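Welcome! Here is a short tour for anyone meeting this chain for the first time. Take a look at the sequence and the structure, then read on.

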Amino acid sequence: MNGASNPYQLVSDEDFKDAIDKLEADADETCNSSDIYEKFGVSGESLDAYLLSEGFSESSMGSFIRKISKNDEGNPSITFFIDMDGNTGHCVVFLGSKLYNNSWDDPKSKIYLMNPAFESIREVTLTEINDTYNIIYCK
């Protein structure tokens, strides 16, 4: 909606305008101000329909791991991990990874995620991803 009008019922028009202004000024603002963005989300038929309409497709964990494990393929360009809770979903963005000893079971192997709820980039293991998120969408 390009910030033209507020599609969210839980966010005041003033907070919405302020958030859009901050996003336009600093693309990393969602990482620094989680309290402002905690009620923001996708306004549409469903999160699944929105992501599919934007060119994302659901990916298996195995497919995702193969993509980030191959040096020649590199990391998926845009990836969202979705934690579904009823009819809502929480998007967490994949930023990168480091694979040690060619094994995701190695405790040094990490996946880096940006979760707007935490105000920082998080290092997680593959096990933590498997235990936390139930859907992966990649472009």
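Ile65 sits in helix α5, which covers residues 61–69. The model you are looking at is predicted.

**Ile65 and its surroundings**
- Is Ile65 buried or exposed? Its relative accessibility is 14%, and buried means under 20%, so Ile65 counts as buried.
- Leaving aside residues up to four places away in sequence, Ile65 touches Trp104 and Leu126.
- Ile65 and Leu126 are 61 residues apart along the chain, yet their C-alpha atoms are separated by 8.8 Å.

**The chain as a whole**
- The chain has six helices and six strands.
- Read from the N terminus, the order of these elements is α-α-α-α-β-α-β-β-β-β-α-β.
- The chain has 139 residues, and 29% of them count as buried.
- Among contacts with a separation of 6 or more, 47% are between residues 24 or more positions apart.
- The accessible surface is about 8800 Å², and carbon and sulfur atoms account for 45% of that surface.

**Strands β4 and β5**
- How many of the six residues in strand β4 are buried? Five are, so this strand, made of residues 110–115, is mostly covered.
- Strand β4 pairs with strand β5 (residues 120–124) in the antiparallel sense, over five bridges.
- Met114 has Ile121 of β5 as its bridge partner.

How values were computed: Residues are numbered from 1 along each chain as its sequence is written. This is a predicted model: local features need pLDDT of at least 70, side-chain atom pairs count only at pLDDT 80 or more; totals for chains, interfaces and linings use all residues. Side-chain values use heavy atoms; hydrogens and water are left out. Helices (H or I, at least four residues) and strands (E, at least two) are DSSP runs, numbered from the N terminus. Buried means under 20% relative accessible area, exposed over 50%, partly exposed in between (1.4 Å probe, protein chains only). Contact means heavy atoms within 4.5 Å. Accessible areas come from the Shrake-Rupley method with a 1.4 Å probe; for residues, only the protein chains shown count as cover. Two strands pair if DSSP finds at least two bridges between them.
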